[in-house]
There are 2 protein chains.
Amino acid sequence: TELPRPYPNEIPHNEKLLSLKYESLDYDNSENQLFLEEERRINHAAFRTVEIKRWVICAMIGILTGLVACFIDIVVENLAGLKYRVVKDNIDKFTEKGGLSFSLLLWATLNAGVVMVGSVIVAFIEPVAAGSGIPQIKCYLNGVKIPHVVRLKTLVIKVCGVILSVVGGLAVGKEGPMIHSGAVIAAGISQGRSTSLKRDFKIFEYFRRDTEKRDFVSAGAAAGVSAAFGAPVGGVLFSLEEGASFWNQFLTWRIFFASMISTFTLNSVLSVYHGNAWDLSSPGLINFGRFDSEKMGYTIQEIPIFIFMGVVGGILGALFNALNYWLTMFRIRYIHRPCLQVIEAMLVAAVTAAVGFVMIYCSRDCQPIQGSSVAYPLQVGDAGELHLSPTWCACCLFCADGEYNSMATAFFNTPEKSVVNLFHDPPGSYNPMTLGMFTLMYFFLACWTYGLTVSAGVFIPSLLIGAAWGRLFGISLSYLTKGSIWADPGKYALMGAAAQLGGIVRMTLSLTVIMMEATGNVTYGFPIMLVLMTAKIVGDYFVEGLYDMHIQLQSVPFLHWEAPVTSHSLTAREVMSTPVTCLRRIERVGTVVDILSDTSSNHNGFPVVESNPNTTQVGLGLSAYPMLLLKDFRDAYPRFPPIQSIHVSQDERECMIDLSEFMNPSPYTVPQEASLPRVFKLFRALGLRHLVVVNNHNEVVGMVTRKDLARYRLGKEGLEELSLAQT
Amino acid sequence: TELPRPYPNEIPHNEKLLSLKYESLDYDNSENQLFLEEERRINHAAFRTVEIKRWVICAMIGILTGLVACFIDIVVENLAGLKYRVVKDNIDKFTEKGGLSFSLLLWATLNAGVVMVGSVIVAFIEPVAAGSGIPQIKCYLNGVKIPHVVRLKTLVIKVCGVILSVVGGLAVGKEGPMIHSGAVIAAGISQGRSTSLKRDFKIFEYFRRDTEKRDFVSAGAAAGVSAAFGAPVGGVLFSLEEGASFWNQFLTWRIFFASMISTFTLNSVLSVYHGNAWDLSSPGLINFGRFDSEKMGYTIQEIPIFIFMGVVGGILGALFNALNYWLTMFRIRYIHRPCLQVIEAMLVAAVTAAVGFVMIYCSRDCQPIQGSSVAYPLQVGDAGELHLSPTWCACCLFCADGEYNSMATAFFNTPEKSVVNLFHDPPGSYNPMTLGMFTLMYFFLACWTYGLTVSAGVFIPSLLIGAAWGRLFGISLSYLTKGSIWADPGKYALMGAAAQLGGIVRMTLSLTVIMMEATGNVTYGFPIMLVLMTAKIVGDYFVEGLYDMHIQLQSVPFLHWEAPVTSHSLTAREVMSTPVTCLRRIERVGTVVDILSDTSSNHNGFPVVESNPNTTQVGLGLSAYPMLLLKDFRDAYPRFPPIQSIHVSQDERECMIDLSEFMNPSPYTVPQEASLPRVFKLFRALGLRHLVVVNNHNEVVGMVTRKDLARYRLGKEGLEELSLAQT
């Protein structure tokens, strides 16, 4: 076969992908001719302006993300207060008459109703807003775009959905979705327009390309983590751990700036809202509360205990993930219609309410409100006035005056508050039986809830499960060691929470730092690191992390950090796609249209090759087609019109078009002998979408795309090949 | 000219560099044929063993770095105590007789003597141990190796040197050098042998290559930061900010592990040493002490004040750097002989002692030891018994009973303690005049000291200068606002310290996190970030950061994060070195020897090209030369014998050698039209040492080396070309 030669080039953007499920992003398009010409034209001063704009955008991302977090927090607080008041009034009214089952029914119905609304908007308006959004953002930063993932509409649905899920009493948190919200805000602001609103502010046009947008989305995700946990450094590390393969000092510094602004905005606004302006006491949506390092240090002897807790967390996390995997498979097979999804969500809401109610009723774990512990039950609802009274009373449910129901404390509160209570309530506040039952029930409820068609996060439920069994563990330890002072249940609750969350999500450095920042001191850094490390090692032995599992279930061509270790014997020749559809530099319009319309091609960037010098160049006459400018690409970015929408007449088809303008004149290439790890490294480090494989004579012999690389995976028995979705 | 073609290859290691000043490291040699064959042979289980070894090495790096830090701390404490006792005895004896000048003489002589020893060992035994070592480690992580920088001998001299400089009373810190120490420890352990000791333990042979060694050195540097400041996260970020261009989750996690182990080891050992085992209260060599966030929060109104302090820090930092630049130029020109260097160091030591003595005598800033402030002067020497009494008495120098001399507090203590005192002493402990004089004197002393031929760091002196003027600023503010409660001088001392250090070293994210971790809480994160950002922006307007300045003064081909922004119009053709010396795959030994011996070549990796297919291949008969194995390369790494040391007979010269074994069969290449930023990105992201430039026919037309890229720099008037040292 005759091979085209030399040099292989790419058309900057291809429109065919739009009708498909995923889109590969191109983080290396800065060298396309149009961009390159602009870069060459603009001078030093102009670059400085661009740099200043980047900082301004990051500040705006931080401020808006912080404000969105405040909005969610305040609305949830008020709606939850309202709901609790209604239920409480009814319980008060009906308990006297013995109509407890009616109260239960009302509670369950109310929750199911709220969740129904939350589920309907997600299922019917924007399904991509379901879940925490973390897997989607991981994919985006990795280079795979799921359609609609960074649209304004998604943000609106996400925010409303989270509020409704939390108010609906599901076993969910509002923290995870902040990451997605921050990312959408970043994508919107950095592009200076919104497709959902059909508004183009004609600003920040320089940033309308995949690379720049990705950088801002990283900043948005970091700002989201920062607002959620009051963890600006953790946010930066999250973005880097999940996304950026090429570390750049300036970029990281900007991401950190956005993170800091975000937590600062949240802190300021919530301080003002809670009436103690300027005291800056609410750095995140959840704050683990003050661990007094002097009172609650740890000793070297405890380290093996922490490691054991990590093992438990890893096993429980793996169990959680395995159960969720089967559930997700079931959902993919049977619950794919929106109506069914809404019904399932309502069912879960009703069951959650019923389980809580029954557990509170049956456990009757009444603890006296003693002098020492009085501060804590009062703290339960101290977030706002509305919230205070109903929760406080709920905690007295079915108990005598002067006592509170500790099961109710765990079930009735928002999960955030329950976590903090488990960390800080003094020893003796919880009955071991209560904690055991609660752990068991909440584990299954949280597992069932993750993957529902509602917007919600898994961070807080995981922490809560872990805090519950961790505290139980601490109590047992205290019992075994005859109440030694070092066996503080709160400390073990913290370690349990870390172990459980680590066992489920398998994050490493970023999670350690997030936990450190959320506890507000660095003393527990070392044990938290050990716990997370153990949980990850143990968990990885059984199944993947929850997010990776969901990414793989959707067969997204996700590139991990390194090529599988045993893949050195594979070469580019073996992994590449062939044959390659090439274009000539001067090409007939009809040919270009036909190639772009052909959906059967296995790659979507086309090498532009120069004809062999000894064949005669035919048809140099160029069409008088109006020139496409960089502006046109920017205006259309990222949704280019599909080729089918463009009518090309027969006359136009016969014209010739010069592709030099739209191609990258110096694409990266590899020889066909290059090993898979080498190709992989090039792809990952430079953020490529296509890589051209050439032979010794610089003739195009194949193309490596993301899918070609992503399908190799290290399984239990060595190298495996996966089947991936269409890209 | 006829061009060789196709494919261009490199010989894995070249020996010519050894006689030159710097060595470029190759972070992309994993594909050389010998390595590749090994990688292909070893299976999944073997890779797992390698991975476990990596973790073991990181743990060892952490433990040893922590122990070295402990050693430095304990020895300094004891020697300083001894010295102070001698001086104090003399002052007590002679003050009565009026022989104060004799005391001064004794003090100055003692200091000069101690510094002389410290300077002699550095100047005569291992000059690369001078300074903090941070610029050298930055270079190493960037890919340029300064000879001897990671040898055991360097570590020994460094540790002894630091101890002697600190004991000698110079305006230096022992924290910065920990980074270098950690790096040496890492390099030594990961290679499983020591050249200085001539011992090869025959372990960890897999890691004997530049890439692996670099990763461990990153971990060592992080462990050093961690031990110095009790800042494990800051350590990781320092390593990443200064070194790693390709972020890898597993690598980062291992670096974090080493950091955590390091601070934990230091903490445990020092706790035991100080007699309160298991309380883990000394996470770093310096700890900024507990800032009570409830008492010492900040309000939004203070933010403009902090930004102003950042501006001041930036200007003072730039002034410091500019003065130090002139001083360094002077030193390069006139003080290059070791004897002169030792004499200068002694002079500085004597002057420092004299200035301190005179200032204490003249200022007579006697503060009453009141009830409220009594806790603090007592804390001055609480680190050890030996230290306690002399310092305590020194602080009473020239004051009545029941009073202490606040100038003596600032001058007599170790700089670490002075910094902490400035942060935490209650308002009114210092006279503004004292602080002003101290700032002025210490600024010039520290500036004069940096660059001396002694091992010492600039972190702590910078913090001290900043803390002094920051406190002065806080006192003024308090005076202006009529003693408002928010104007706590300690808080402003902290911000001043951050501003001054940021203005001098211009680190960003990592420094923010280090400061956050050293203060032990996250409340001040936002203002510290703003201060550092402002200081950097203002400082960068005038001159470069101190470390970058010293790197540039030595004309090291250092690659920054990105190519200069205005370099898009330059192409590979314009920056590459030509002509290229190529080798054939089957080459005559004599030719290889001649090429390797030729020091005039402008590159040190040689493309191996295949002869044109239409020329006849001559001399296929291979020599029966004993095969070189991967083991031989590993045993020699990193100091390969120079070609001059190998005797090649005339007969041997006529033999043919097959280079396939030693070359990289699929090197990265770029077309000559590729722009400079593109080439730069490839170099930086993949850690290359050479990049081959080819034409459309895949024929070698040039080579791009680190030096070709490093010489382009963005100056005030646009793109500049630098002259660089031989590499």
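Reader: Among the contacts in chain A with a separation of 6 or more, what percentage comes from residues 24 or more positions apart?

Author: The model is a predicted one, and its chain A has 727 residues. When the contacts with a separation of 6 or more are taken together, the part of them that joins residues 24 or more positions apart comes to 80%.

Reader: How many helices and how many strands does chain A have, and what percentage of its residues is buried?

Author: The secondary structure of chain A comes to 27 helices and 15 strands. A residue counts as buried when its relative accessible area is under 20%, and in chain A the buried residues make up 64%.

Reader: What is the accessible surface of chain A, and what percentage of it belongs to carbon and sulfur atoms?

Author: For chain A the accessible surface comes to about 26,000 Å². Within that area, the part that belongs to carbon and sulfur atoms is 62%.

Reader: Into which domains is chain A divided, and what distance separates the centres of domain 1 and domain 3?

Author: The domain assignment gives domain 1 as 51-92 + 127-274, domain 2 as 294-369 + 395-554, and domain 3 as 562-610 + 663-726. With the centres taken over C-alpha atoms, domain 1 of chain A and domain 3 of chain A are separated by 34 Å.

Reader: Is His180(A) buried or exposed, and which residues does it touch?

Author: His180(A) lies in helix α6, which covers residues 176-191 of chain A, and because its relative accessibility is 1%, it counts as buried. Ile134(A) is 46 residues away from His180(A) in sequence, yet their C-alpha atoms are 6.4 Å apart in space. Leaving aside residues up to four places away in sequence, His180(A) touches Val128(A), Ser132(A), Gly133(A), Ile137(A), Val149(A), Thr154(A) and Lys158(A).

Reader: Why does Thr265(A) count as buried, and which backbone oxygen lies 2.7 Å from a polar atom of its side chain?

Author: Thr265(A) is part of helix α9, residues 249-273 of chain A, and it counts as buried because its relative accessibility is 11%. Not counting residues up to four places away in sequence, Thr265(A) touches Gly62(A), Ile63(A), Gly66(A), Leu67(A) and Cys70(A). The oxygen that lies 2.7 Å from a polar atom of the Thr265(A) side chain belongs to the backbone of Ile261(A).

Reader: Where in chain A is Pro579(A) found, and what is omega for the cis peptide bond that joins it to Thr578(A)?

Author: Pro579(A) is found in the loop between α22 (572-575) and β7 (583-584) of chain A. The bond that joins Thr578(A) and Pro579(A) is a cis peptide bond, and its omega is about -10°.

Reader: What is phi for His148(A), and what is phi for Asn698(B)?

Author: His148(A) lies in the loop between β2 (144-145) and α5 (152-167) of chain A, and at 29% relative accessibility it counts as partly exposed. Asn698(B) has its place in the loop between β12 (690-694) and β13 (700-705) of chain B, and at 9% relative accessibility it counts as buried. Neither residue is a glycine, yet phi is positive in His148(A), at about 75°, and in Asn698(B), near 65°.

Reader: Why is helix α21 of chain B largely enclosed by the rest of the structure, and which helices are included in what covers its buried residues?

Author: Helix α21 of chain B (residues 546-553) is largely enclosed because six of its eight residues are buried. Those buried residues are Leu546(B), Tyr547(B), Asp548(B), Met549(B), His550(B) and Ile551(B). What covers them includes, in chain B, the helices α4 (134-142), α10 (303-334), α17 (459-480) and α18 (489-505).

Conventions:
Residues are numbered from 1 along each chain as its sequence is written. Chains are lettered from A and ligands numbered from 1 in the order in which they are written. This is a predicted model: local features need pLDDT of at least 70, side-chain atom pairs count only at pLDDT 80 or more; totals for chains, interfaces and linings use all residues. Side-chain values use heavy atoms; hydrogens and water are left out. Helices (H or I, at least four residues) and strands (E, at least two) are DSSP runs, numbered from the N terminus. Buried means under 20% relative accessible area, exposed over 50%, partly exposed in between (1.4 Å probe, protein chains only). A polar contact is a pair of N or O atoms within 3.5 Å; within protein, one must be able to donate a hydrogen and the other to accept it, and residues adjacent in sequence count only if both atoms are side-chain atoms. Contact means heavy atoms within 4.5 Å. Domain bounds come from an automatic or database domain assignment. Accessible areas come from the Shrake-Rupley method with a 1.4 Å probe; for residues, only the protein chains shown count as cover.
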